[in-house]
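This report walks through one protein model, region by region. Keep the sequence and the 3D view open as you read.

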Amino acid sequence: MTPVMLPAGVALPQEYASGVARSRNGGTPLHDDAFVDGWINAARKRGSLNNVQVPLDAVQGWHREPETGNIHHQTGRFFSVIGVHVRHRVGHHELEWDQPIIEQPEIGILGILAKYIDGTLHFCLQAKEEPGNVGGVQLSPTVQATYSNYTGAHGGARPLFIERFIEPDPAGRLFARLQTEDGGRFLYKSNRNMIMVAGDEVPVELPEGFIWLTLCQIASLIRRDNLVNACTRSILACLVGAGSAGEPAYTAGGEGLRDTLQWLDDRRAVTHMLTRRIGLNDLKEWRLDEKGYFSHVPSAFFRIVGLKVSSQTREVGSWGQPIIENPAPGIIGLLLREGAEGTELLMQAKAEAGNRSTVQLGPTAQFTQGNYEGNQKLEKPFLFDEFSAPGPFPPVHESRQAEEGARFYREYNLHRILRLPEGTELALPPDYRWLTLRQVQVLVHLGEQVNSCARSIISCLL
């Protein structure tokens, strides 16, 4: 099949494709691995963030509306916790439920600054603490800020390097796309994922807490449990496979891509999801429990807890906030096979209540086991047993990857990548389809087509 040129708007700029490939294959790193390990350990020792769980009614700066029960910040900024009622119908099958959800209409910036150092493209990551982080400090993007953060609604300092992402220089733009957040727990939330390449105006010497790393080094760090944060993984998914095999990242089989886009559109057309905002007080299976947390009555899914936070190193010394706590880790899984055009990924058309387009491209598996075991309302997803306890499919990668620690409390998901043995055939449900890595990359570059769980596990293929 003759490759076709896709619009430049979904491509990595050609001038950076070779730099990305060299950085991923090793290049010449500014720091050796021993230095990086020492830097991470030192950052963790400097961590000063402390938090205590408190009842929601005792959270500093937040209040629950008496009539609705919805939770808001006193400024009206940041985010709110509200209720939604959802009706999801596919064909003749219909499911109905209600739940709490985070509403944050602001578009945040998740930005990584890049720079050529001695001919190798390096990426600037930040050692950052969040109240819900597993392990304290994790490696975050150069900039990770909501609109309320970088406009000073919290009363703190402006994030370093933010100007390079608010008004980006088009010549240095390697990647910039809106990408959705977790559609199961955020309502219509997107952040701008960005990579900006700087020149000599940005020195090699960085402020404390920031470090230059090659893609090869970052790929190695992602293999460690709960070290590279969710926002960093979301951004770097755009670089997996880019510029490989000496081919531009913006070529792909035309007919295959056209079929994939048609399949996604077909799934959206038959998936009807009505999401309606309601008050937390109106949720049928949720209540304020004896600890003052907002919980599911059978103790499944998740709960909303209050936090009292203090820090000696953050822009603001102390604050309070609600945060989501999940009782058990989930599984995010990806099944691979080798096809005629290289590595293929088994992806699903995943419907989530908080997505504007309802259906996005999701990983092979995306579930929490406890939500399905013994649940008469929910049917176990495709390959539930295979990803819960791998047997016939050989493992390619396995790691624990933390969720974003500003909204989720000490939550992680097991990331499990398996390989389909040669000669094995799978009968696929209509919502599943084998896609080449290149086709998946095109959809990542289109923006708001590939969900946050899929981007997270794709980053493990760096």
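Strand β20 (residues 318–325) has 7 of its 8 residues buried, so it is largely enclosed by the rest of the structure. Buried here means under 20% relative accessible area; exposed means over 50%, and partly exposed lies in between (1.4 Å probe, protein chains only). Helices (H or I, at least four residues) and strands (E, at least two) are DSSP runs, numbered from the N terminus.

This is a predicted model: local features need pLDDT of at least 70, side-chain atom pairs count only at pLDDT 80 or more, and totals for chains, interfaces and linings use all residues. Residues are numbered from 1 along each chain as its sequence is written, and side-chain values use heavy atoms, with hydrogens and water left out.

**Strands and their partners**

β20 has a partner in strand β19 (residues 303–310). The two pair in the antiparallel sense over 8 bridges. Two strands pair if DSSP finds at least two bridges between them. Within this pairing, Val 305 stands opposite Ile 323 in β20.

Strand β5 (residues 80–90) is another enclosed element. Of its 11 residues, 8 are buried, so β5 is largely enclosed by the rest of the structure. Which strands pair with β5? One is strand β6 (residues 93–103), antiparallel over 11 bridges. Another is strand β16 (residues 271–278), antiparallel over 8 bridges. His 88 has Leu 95 in β6 as its bridge partner. Val 90 stands opposite Thr 271 in β16. The hairpin of β5 and β6 has 2 residues between the strands, and Gly 91 there takes a positive phi near 60 degrees.

| Strand pair | Sense | Bridges | Facing residues |
|---|---|---|---|
| β5 and β6 | antiparallel | 11 bridges | His 88 and Leu 95 |

**An enclosed helix**

Helix α9 (residues 437–446) has 8 of its 10 residues buried, so α9 is largely enclosed by the rest of the structure. The buried residues include Leu 437, Gln 439, Val 440 and His 445. Just after α9, Gly 447 takes a positive phi of about 85 degrees.

Most residues other than glycine have a negative phi. Asn 226 has a positive one, near 50 degrees. Asn 226 sits in the loop between α5 (215–222) and α6 (230–236). Its relative accessibility is 9%, so Asn 226 counts as buried. Arg 410 also has a positive phi near 50 degrees. The loop between β25 (395–402) and β26 (412–419) holds Arg 410.

**Two buried residues**

Val 197 belongs to strand β13 (residues 190–198). At 14% relative accessibility, Val 197 is buried. Which residues does Val 197 touch, leaving aside those up to four places away in sequence? They are Tyr 16, Ala 114, Tyr 116, Leu 121, Gly 172 and Leu 174. Contact means heavy atoms within 4.5 Å. Arg 164 is 33 residues away along the chain, and its C-alpha atom is separated from that of Val 197 by 9.6 Å.

Pro 131 lies in the loop between β8 (120–129) and β9 (137–141). Its relative accessible area is 2%, so Pro 131 is buried. The C-alpha atoms of Pro 131 and Val 309 are separated by 6.9 Å. Along the chain, these two residues are 178 residues apart.

**Aromatic pairs**

Rings of Phe, Tyr and Trp (its six-membered ring) pair if their centres lie within 6.5 Å; planes under 30 degrees apart count as stacked, over 60 as edge-to-face and the rest as tilted. By this rule there are 7 aromatic pairs. Phe 161 and Phe 210 form an edge-to-face pair, 5.5 Å centre to centre, with 75 degrees between the planes. This pair links distant parts of the chain, 49 residues apart. Phe 161 is in the loop between α3 (147–150) and α4 (163–166), while Phe 210 is in strand β14 (residues 210–213). Both Phe 161 and Phe 210 are buried. Elsewhere, ring pairs link Phe 367, Tyr 372 and Phe 384 into a cluster.
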